[in-house]
Amino acid sequence: MADVVTVYQESVLYQVSGRVWIPMRDTMEYTRMAAVERFPDIGALEQEHAVGATVRNICGALLGVRFRSCEEPSAEDLTAYRDGLERASRTVNLIGPAAMFGPVVPGRGDRLTVDLSDSRLTLLGKPTELSGVVHGQAGQVSIVNNPGQESIDLGDITPGAPTDTIDAPLYVTLTIDPQPSA
């Protein structure tokens, strides 16, 4: 348990460069507040600004807390935490043609076999030293609505739908089975 004892609103000066706002070095300010009423503050973003203008905008909050009590985690809690970290280390996010994931769209919990070396497959996020054929369990499965774009727009897709009828790629979170110890 903790109490919030101080609240500071963070703001920084940005240089306007077309549609891009570039934060200016050494311009962070902290203003003591009773509460941060609106975050993120998009008011400055919604206004028109000339190219080259400088604009101060709220970018965060800093809280000071006083702990009233804390609880040591149990052995079971620590084991569960370590197990979660280990599982996360084996989890990869993939984008690839629907047919790469089987004859039908997989659902959460379905078993998958995927060739990580296939050039049609994109691995997102953390790099993995794994390559070749891996086996694992599907987590999130979504359709990619805007393939080839800078950001990814994911949509719902019905598990069990035939993959040969799907033109867009799938986004699949795959937790790879643990490798046997040598």
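Predicted model: local features only at pLDDT ≥ 70, side-chain atom pairs only at ≥ 80, totals over all residues.
Me: OK, E10 then. Which side chain of opposite charge is nearest, and how far away?
Reply: R56 is the nearest one, 11 Å away. E10 is buried and has no salt bridge.

Me: Where is E10, and what is it in contact with?
Reply: E10 is in strand β1, residues 2-17. Apart from neighbours within four places in sequence, E10 has contacts that include M28, E29 and Y30, and also N57, I58 and C59.

Me: Which residue does R56 form a salt bridge with?
Reply: R56 pairs with E29, with the closest N and O atoms 3.3 Å apart. E29 is in strand β3 (residues 29-33) and R56 in strand β4, so the pair links distant parts of the chain, 27 residues apart. E29 is partly exposed at 39% relative accessible area, and R56 is partly exposed at 30%.

Me: How many salt bridges are there?
Reply: The count comes to 5 salt bridges. One of them joins R68 and D3, whose closest N and O atoms are 3.1 Å apart. R68 lies in the loop between β4 and α1 (75-89) and D3 in strand β1, so this pair ties together parts 65 residues apart in sequence.

Me: Is R68 buried or exposed? And D3?
Reply: R68 is exposed, with a relative accessible area of 52%. D3 is partly exposed, at 30%.

Me: What about R90, which residue does its side chain meet?
Reply: R90 meets E86 in a salt bridge, 2.6 Å from N to O. R90 counts as buried at 17% relative accessibility, while E86 counts as partly exposed at 38%.

Me: Changing topic. Which residues make the nonpolar surface patch?
Reply: V4, L63, V65 and F67 make a patch of about 410 Å². Strand β4 (residues 54-67) gives the most to the patch, with 3 residues. F67 is in strand β4 and counts as exposed, at 62% relative accessibility.

Me: And strand β5, why is it called largely enclosed?
Reply: Strand β5 (residues 91-96) has 5 of its 6 residues buried, so the rest of the structure largely encloses it.

Me: Which strands is β5 joined to?
Reply: Strand β10 (residues 170-176) is joined to β5 by 6 bridges and runs antiparallel to it. There, N93 stands opposite T173. Strand β7 (residues 122-124) is joined to β5 by 3 bridges, also antiparallel, and L94 has L123 as its bridge partner in β7.

Conventions: Residues numbered from 1 in each chain as written. Heavy atoms only, no water. Patch = residues over 30% accessible without salt bridge, like charges linked within 9 Å, V, L, I, M, F, W, Y side chains within 5 Å. Areas by Shrake-Rupley, 256 points an atom, 1.4 Å probe, with all protein chains shown as cover. Salt bridge = Lys/Arg side-chain N within 4 Å of Asp/Glu carboxyl O. Helix = DSSP H or I, 4+ residues; strand = E, 2+ residues; numbered from the N terminus. Buried < 20%, exposed > 50% of the residue type's maximum accessible area, 1.4 Å probe, protein only. Lys, Arg positive; Asp, Glu negative; His and termini not counted. Contact = heavy atoms within 4.5 Å. Pairing = 2+ DSSP bridges.
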